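Let's take a tour of the aromatic rings in this protein model. Have the 3D view ready as you read.

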Amino acid sequence: MKHTKIHLNSMPNRLLLLPLALAVLSLMSGCAGKSDKPDSNFNGVQIGVITYSWRSMPTTAHDILDYCLQAGISSIELMGNVAEAYAGAPQMTARPPRGTELTDAGRDSILQVFEEAMKKQSEWRKTADLSKYEELRQMFNDAGVNIHIVKFSPANWSDEEIDYAFRAAKAMGASGVSNEIGHEACARLGKFAEKHDMFAIFHNHGQPGDPDFNFEDFLVYSPKVMLNFDVGHYFGATGKHPNEVIEQLHDRIFSIHLKDKTARDADRPDTNMPWGEGDTPLADILTLIRDNPWPIHCDIELEYPVPEGSDAVQEVIRCVEYCRNILL
């Protein structure tokens, strides 16, 4: 950049030039702010993260955005409960710690509390102010982070609530709403996705391990039904290379969940591992998407135990670097 010297020989000249100087400083500040925004698109492959990766840490919307910025991540699959908490939804009662022994009466009491909380949430959704979701979108976008999916998992909600889920996700800038895969869920949510011109995006766990399972059986319900293909769960359950599915169905895969698992026939089969220590062919998957290229979001899902002395943010950063080293 060429620099021009300006000589200020008198107080009046300095006063005249002050507005210009302030304008230049403002422009420079704006440019610096843009360069500070995260960018986790590596050679055309958008690396993102899902909120669940930070489940061991505080997860308000502000916390999640801060974690994204620390990790240099520019897109996220946001959990619905995080978004709804920001928007002011009634909160669910905390579950008892795992392993807690309960009497029948205690269990019935907890179930009643949960049912009451669910009713309050259901009523709140019918009249929710979507401007809070627009505000949330603005907060993330201003920081350089895009919300591409909201995981409301609304397949068992009322029709009014499902409409709300799609409207809220659109207000956050997302392309769709995600849910666990299933025939009833795909048939129901596909129609709402068409209505709202969005996607109903379905996630798999170990279901592909069933010999009769076929992703295409779920895609027939609507052209707006898409896959959130969890390559780790798929590989751990089937032992098959995930690229077979990606090559065949890439135009129906909206996003991928990335994790590293051991093989089905390993000494510790289907086990979550630190990235690079398992058997999931992550490099093959990422380079396939890079080299074609297909517009598939690739989202980090941190599932292996966080090592002592670290935390989930530091481990997600390691996962980002793992992807960067493959793609660049």
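Start with Phe199: at 23% relative accessibility, Phe199 is partly exposed (buried means under 20% relative accessible area, exposed over 50%, partly exposed in between, with a 1.4 Å probe and protein chains only). Keep in mind that this is a predicted model, where local features need pLDDT of at least 70, side-chain atom pairs count only at pLDDT 80 or more, and totals for chains, interfaces and linings use all residues. Residues are numbered from 1 along each chain as its sequence is written, and side-chain values use heavy atoms, with hydrogens and water left out.

**Ring pairs**
- The structure has 13 aromatic pairs (rings of Phe, Tyr and Trp, its six-membered ring, pair if their centres lie within 6.5 Å; planes under 30 degrees apart are stacked, over 60 edge-to-face, the rest tilted).
- One of them joins Phe152 and Tyr164, a tilted pair at 5.8 Å centre to centre with 50° between the planes.
- Phe152 sits in the loop between β4 (146–151) and α6 (159–171) and Tyr164 in helix α6, so the pair ties together parts twelve residues apart in sequence (helices, H or I, of at least four residues and strands, E, of at least two are DSSP runs, numbered from the N terminus).
- Phe152 is buried at 6%, and Tyr164 is buried at 1%.

**A ring cluster**
- Ring pairs connect Trp124, Tyr133, Phe152, Trp157 and Tyr164 into a cluster.

**Charges over rings**
- The charged end of Lys224 sits over the ring of Phe199, 5.1 Å from its centre (NZ of Lys or CZ of Arg must be within 6 Å of the ring centre and within 35 degrees of the ring normal).
- Lys132 lies over the face of Tyr86, 4.8 Å from the ring centre.
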